[in-house]
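Please keep the sequence and the three-dimensional view open while you read.

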Amino acid sequence: MQETKTIRTTRDILKDVRDQGRIIGFVPTMGALHEGHLELIRTADKECDFVVASIFVNPIQFNNREDLEKYPRTLEEDLRVLEKNHCHLVFIPEVEEMYPGEVSEDYDFGKLEKVMEGKHRPGHFNGVAIVVKKLFDIVEPDKAYFGQKDYQQLLIIQKLVEKENLDVEIIPGSTVREKDGLAMSSRNKRLTQEERQIAPLLYQTLLKAADMVPEKKPGEIIEWARQQISAQPEFSLEYFEIADAGDLLPVKNFINNGNYVICLAAHLGNVRLIDNVIINS
Ligand code: AMP
């Protein structure tokens, strides 16, 4: 596995790969890798000839300084597992390499960025879009892999590709979970033992809520779910929403053949967790 830190070297290596007619698959990450990331790498390995990962904790997508400072960093172990899972090239730029000057791009994703994560983390998706656009310009992948764990982010990236006419296929990967249902996340490393034990309540609540569709009304389900989570004082629920899976607008009534996604964000101690379940009827 090759490791690069500069845009120049990364481009040079990938130009040769492209000239050989090889299909390039790309998995952007912020490191502290777990099975969720590695499943994306393995899918890319199956579908492409050359797998590129990036590890970059993107400062401009954090709207909370403490979250950025405490973001887990486990580079040595990351490199070990990437190599083991047949990644060919890992790009690990410094902040100065990605942002040598002022950042001025301002993307408009319309209503998609005004709900849930977009509403609660102002500027977050603009930061995500800026870094992903830069990474796509550097890597020029044929296919790029994103997890459904960050469902809204996946839709934002799909919209970015559409808006900017980018020549890359976006491939979604299912959410990978721990045995007890907790969605894998780099931030789980920051949970205390006690917090880790109760964390699966979030997914359990999502599953039970999904079971109530379409018999109960969205409003009733949301109310029930809020009570479930609030009954545990360790949690502070930021949002629990039932939305149309296509545009993420809140659902007032269920209709036949509707596709929905139930999303939540909650603080557990100092850690902010998100999760979702997708309901395809
Ligand atoms: P991150 O390092 O958190 O920025 O995530 C990098 C990529 O891995 C994103 O496309 C995430 O959606 C994806 N990802 C993170 N956690 C999971 C998970 N538990 N299951 C599937 N994909 C995930």
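In which loop does Ala32 lie? Ala32 is found in the loop that runs between strand 2 and helix 2, and since this is a predicted model, every value below was computed from predicted atoms. The points that follow begin with the backbone, continue with the ligand, and end with pairs of helices.

- Most residues other than glycine have a negative phi, and most peptide bonds are trans.
- Ala32, although it is a residue other than glycine, has a positive phi, with a value near 50°.
- Val213 and Pro214 are joined by a cis peptide bond, for which omega is about 5°, and Pro214 has its place in the loop between helix 10 and helix 11.

**The surroundings of the ligand**

- The ligand has 17 residues around it, and those that come nearest are Met30, His37, Asp150, Val176 and Met184.
- His37 places a polar side-chain atom 2.9 Å from an oxygen atom of the ligand.
- Val176 takes part through its backbone, where an N or O atom lies 2.8 Å from a nitrogen atom of the ligand, and a backbone N or O atom of Met184 likewise lies 2.8 Å from a nitrogen atom of the ligand.
- The ligand would expose 490 Å² if it were taken alone, and the protein buries 92% of that area.
- Two or more residues of the shell around the ligand are given by each of strand 2 (24-29), helix 2 (35-47) and strand 5 (143-147), and the largest share, 3 residues, comes from helix 2.
- Sorted by class, the shell around the ligand contains 7 nonpolar, 8 polar and 2 charged residues.

**Pairs of helices**

- Two packed helices are described by the angle between their axes and the distance between the axes.
- Helix 10 (residues 201-211) and helix 11 (residues 218-230) have axes that come within 10 Å and cross at roughly 160°, which means that helix 10 is roughly antiparallel to helix 11, because angles over 145 degrees are counted in that way.
- The crossing of helix 10 and helix 11 is right-handed.
- Helix 7 (residues 124-139) packs against helix 8 (residues 151-163) at an angle of about 55°, with the two axes 10 Å apart, and therefore helix 7 is oblique to helix 8.
- The crossing of helix 7 and helix 8 is right-handed.

Methods: Residues numbered from 1 in each chain as written. Predicted model: local features only at pLDDT ≥ 70, side-chain atom pairs only at ≥ 80, totals over all residues. Heavy atoms only, no water. Near = heavy atom within 4 Å. Polar contact = N/O pair within 3.5 Å; in protein donor to acceptor, adjacent residues only side chain to side chain. Areas by Shrake-Rupley, 256 points an atom, 1.4 Å probe, with all protein chains shown as cover. Helix = DSSP H or I, 4+ residues; strand = E, 2+ residues; numbered from the N terminus. Nonpolar A, V, L, I, M, F, W, Y, C, P; charged D, E, K, R; others polar. Axes fitted to C-alpha atoms, helices over the stretch in contact; angles between N-to-C directions. Parallel < 35°, antiparallel > 145°, perpendicular 65-115°, else oblique. Left-handed = near helix turned anticlockwise from the far one by under 90°.
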